[in-house]
Amino acid sequence: MIVKTEAIVLKSMRFRDTSKIVTFYSRRYGKIKGIAKGARDITSKFGGALEPLSLVSVVLYRKEQRQIQLISQCDLIHRYRDIHSNISKMAVGLGILELLQRATHDEEENAALFNLVKGVLQTLERADRNPINILRAFQLRLGTIFGYGVQLECCFKCARVFESAPPGKPAFFVPARGGAICEKCVQGEHLDNPGVKISVGGLLSMQQLLVAALQSVPLVTISEQEGNEIDESLRLYVQQHFDGIRSLRSLEMLQEMNIH
Ligand SMILES: [Zn+2]
């Protein structure tokens, strides 16, 4: 069956002498792999449309049960130039793709997730500050789409809202319990799964990353200390909910380069 879908190129690998195997995240089929024959010829009809971090329209000969489909055509819709030309945006963009690639299964349609990815890449391209916020927001929103949403505005035990507490006051983020617990309640509470210590200010910033309109996410100002607390919390969050994801290579790269 010949099918056409909008997709984001996640990964592109050389295959044999002239071909490529490309992994897409597509609107109609979720994550899908295909072979582009002759894609490495200079005169290839695919041009630059098979590079990661491109939005494309792809035509596939699709057979069910087949792991690698045949790509008959792939046209570039948008290249996200401003992501490719900025090293910190690029690291964030690759982090988003890496997480998407590892958190999803082959050929599972998820329109909400496709729209989220398209939205975060567009936001990343336009962002003039704090690109790392977009990766943080993506992790939280990806979790929500998969049914692991967290509640961050109040303690899951006593329901007291964190907003009324001083920003420096410590609390604990416990992803296995779907949210955060205040300093008072954590004493005497038996937690099967450990949490991450995070300040009230860090929690409230994380809440903003979760609920703000996407285009406002880069505008959320987060101190370095709160940023570290949030990254630590998100590492545990992703690790607990997405099997096998211990850390994102691109996130480690960002931290090594000390880019925020
Ligand atoms: Zn409490």
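Cysteine 182 is tucked away: its relative accessible area comes to 10%, so it counts as buried (under 20% relative accessible area; over 50% would be exposed and anything in between partly exposed, using a 1.4 Å probe and protein chains only). Cysteine 155 is buried too, at 2%. As for disulfides (pairs of cysteine sulfur atoms within 2.5 Å), a search of the whole structure turns up zero. All of this comes from a predicted model, where local features need pLDDT of at least 70 and side-chain atom pairs count only at pLDDT 80 or more, while totals for chains, interfaces and linings use all residues. Numbering starts from 1 along each chain as its sequence is written, and side-chain values use heavy atoms, with hydrogens and water left out.

On to the sheet. Five strands form a closed barrel in the order S1-S2-S3-S5-S4, with mixed pairing. Strands here are DSSP E runs of at least two residues and helices are H or I runs of at least four, both numbered from the N terminus; two strands pair if DSSP finds at least two bridges between them. S4 (residues 55-61) and S5 (residues 68-78) run antiparallel, joined over seven bridges. In one of the pairings, valine 58 has cysteine 74 of S5 as its bridge partner.

Helix H2 (residues 87-103) packs on the sheet, touching S1 (2-15), S2 (19-26) and S3 (30-36), and its direction makes about 105 degrees with that of S1. Helix H3 (residues 111-126) lies across S1, S2, S4 and S5, at about 60 degrees to S1.

Threonine 104 sits in the loop between H2 and H3 and, at 8% relative accessibility, counts as buried. A polar atom of the threonine 104 side chain lies 2.7 Å from the backbone oxygen of leucine 100. Beyond its neighbours within four places in sequence, threonine 104 is in contact (heavy atoms within 4.5 Å) with Tyr25, Lys31, Leu113 and Phe146.

What about the nonpolar cores, meaning sets of buried Ala, Val, Leu, Ile, Met, Phe, Trp, Tyr and Cys residues joined through side-chain atoms within 4.5 Å? The largest has 61 residues, of which Ile96, Phe138 and Met206 touch the most other members. Leaving aside neighbours within four places in sequence, the contacts of isoleucine 96 include Val120, Leu121, Leu124 and Phe138. A second, separate core of 17 residues includes Val3, Ala7, Leu60 and Ile71.

Notes. Axes are lines fitted to C-alpha atoms, for helices over the stretch in contact, and angles run from 0 to 180 degrees between N-to-C directions. A polar contact is a pair of N or O atoms within 3.5 Å; within protein, one must be able to donate a hydrogen and the other to accept it, and residues adjacent in sequence count only if both atoms are side-chain atoms.
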